[in-house]
Amino acid sequence: MVESKLIMGIDGGGSNTRVIIASPDGNIVAYVEDQKAASHHRDDQATDNVKTAIRKALSIAGCSPGDICGMAAGIAGYDRDKDLEWVQELTQLQDMACPKWHVNDAVAAHYGALMAQPGVVVISGTGSIIFGINEEGQYIRNYDYHHYAASAARFLAYDAVYEAIAGHTDDTDADLILNMLSHWGAADLGELAFMGRNGFHEDRRERDRIFGAFAPYVTEAATEGSLLAQAVCDRSIHQIVVGIRLIGSHFRAENLQVACIGSVANSAYFQKKLGHIALSDPGRPFTLMAPHFPPVVGSFLYAMEQLGLPVTDGVLKRLSCSAGIWTSRLI
């Protein structure tokens, strides 16, 4: 019987790969978090990364691939039908012949954050996407509009560096500029401009990684009063709100439930600004709410649904007992 076996959930969003194995009643028997990406858009070794994480989880659980009765994986970069070929390869393990469901990482995030109830998730961390499931169960992405909220970590950093080199600074930006020069090993903005003229770094992925690592300095500087950082963050926040309301136009509810995932969206500055807009902006209202679970649990819940297994209060309570494990993924 399916109830006697185990279910696997995989979160392949962002820069890390996470795997849980749990019983259908919500008892988690293994959790793995590897600091390697699951998307081929971010790492040529993505297939090996995911398979390694799966094997680690199986080892921790003390089970074989044949003990898994269902698996769901939310993978960043799975945006089009033609992506399915490389996405499916991520989870092709010998003897793991269970049903497998592959979805975009935003779907897994939604299932975890909002339990697949009508609402919107804003993902802004390594990547950026705004995704909703409406009252009819329809999936809507800002990507469907060809809209993109440039709120991923690397974009905040690119924007801040461009503004600084362009000379759009004042005394409020002093600490931000010092951190910027230190991060890139530049003596002054003139040297940073020279580095920029030469492309900063010849490898795009490494360049994006370096810029992404600087984003926390931007959001922190915005909180501390840097006008440059605030301008950069406010532009991204405006684009997020536009995306929320594009998706919201497909909901009947007057007030949207919105949950945020990722380091940028959950930074103090973004949360304060989004909360203020939610309360006071004359556009379509929305309510920020804390995510119930992270995307890796969302994948588990998605697999439960596909297997036709009930997600009872008891299941949720047992999953909630592992809340300490999940905190880092929500932020």
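Is Thr91 buried or exposed? Before we get to the answer, a word on what you are looking at. This is a predicted model, in which local features need pLDDT of at least 70 and side-chain atom pairs count only at pLDDT 80 or more, while totals for chains, interfaces and linings use all residues. Residues are numbered from 1 along each chain as its sequence is written, and side-chain values use heavy atoms, with hydrogens and water left out.

Now to the residue itself. Thr91 is buried, with a relative accessible area of 1%; buried stands for under 20% relative accessible area, exposed for over 50%, and partly exposed for what lies in between, with a 1.4 Å probe and protein chains only. You will find Thr91 in the loop between helix 2 (84-89) and strand 5 (100-104). Helices (H or I, at least four residues) and strands (E, at least two) are DSSP runs, numbered from the N terminus. Setting aside residues up to four places away in sequence, Thr91 touches Ile10, Val50, Ile54, Met71, Ala73, Met96, Lys100 and His102, where contact means heavy atoms within 4.5 Å.

Let us step back to the whole chain. It has twelve helices and ten strands, and its C-alpha trace spans about 65 × 45 × 35 Å along the principal axes. For 331 residues, a compact globule would have a radius of gyration near 20 Å, and the 21 Å of this chain agrees with that; the radius is taken over C-alpha atoms, and the globule rule is 2.2 Å times the number of residues to the power 0.38. Buried residues account for 52% of the 331. Of the contacts between residues at least 6 apart in sequence, 68% join residues at least 24 apart.

Gly9 sits in strand 1 (residues 6-12) and is buried, with a relative accessible area of 0%. Its contacts beyond four places in sequence include Arg18, Val19 and Ile20, as well as Val296, Ser299 and Phe300. By contrast, 48 Å separates the C-alpha atoms of Gly9 and Asp171, which are 162 residues apart along the chain.

Strand 2 (residues 17-22) holds Thr17, again buried at 0% relative accessible area. Thr17 and Asp34 are 17 residues apart in sequence, yet 5.2 Å apart in space, C-alpha to C-alpha, and Asp34 is among the residues that Thr17 touches. Strand 2 and strand 3 (residues 28-34) run antiparallel, joined by six bridges; strands count as paired if DSSP finds at least two bridges between them. Within this pair, Ile21 stands opposite Ala30. The hairpin has five residues between the two strands, and Gly26 there takes a positive phi near 95°.

Finally, look at strand 9 (residues 256-261): five of its six residues are buried, so the strand is largely enclosed by the rest of the structure. Strand 6 (residues 119-124) pairs with strand 9 in the parallel sense over four bridges, and Val122 has Cys260 as its bridge partner. Strand 10 (residues 286-288) also runs parallel to strand 9, through three bridges, with Val258 opposite Leu288.
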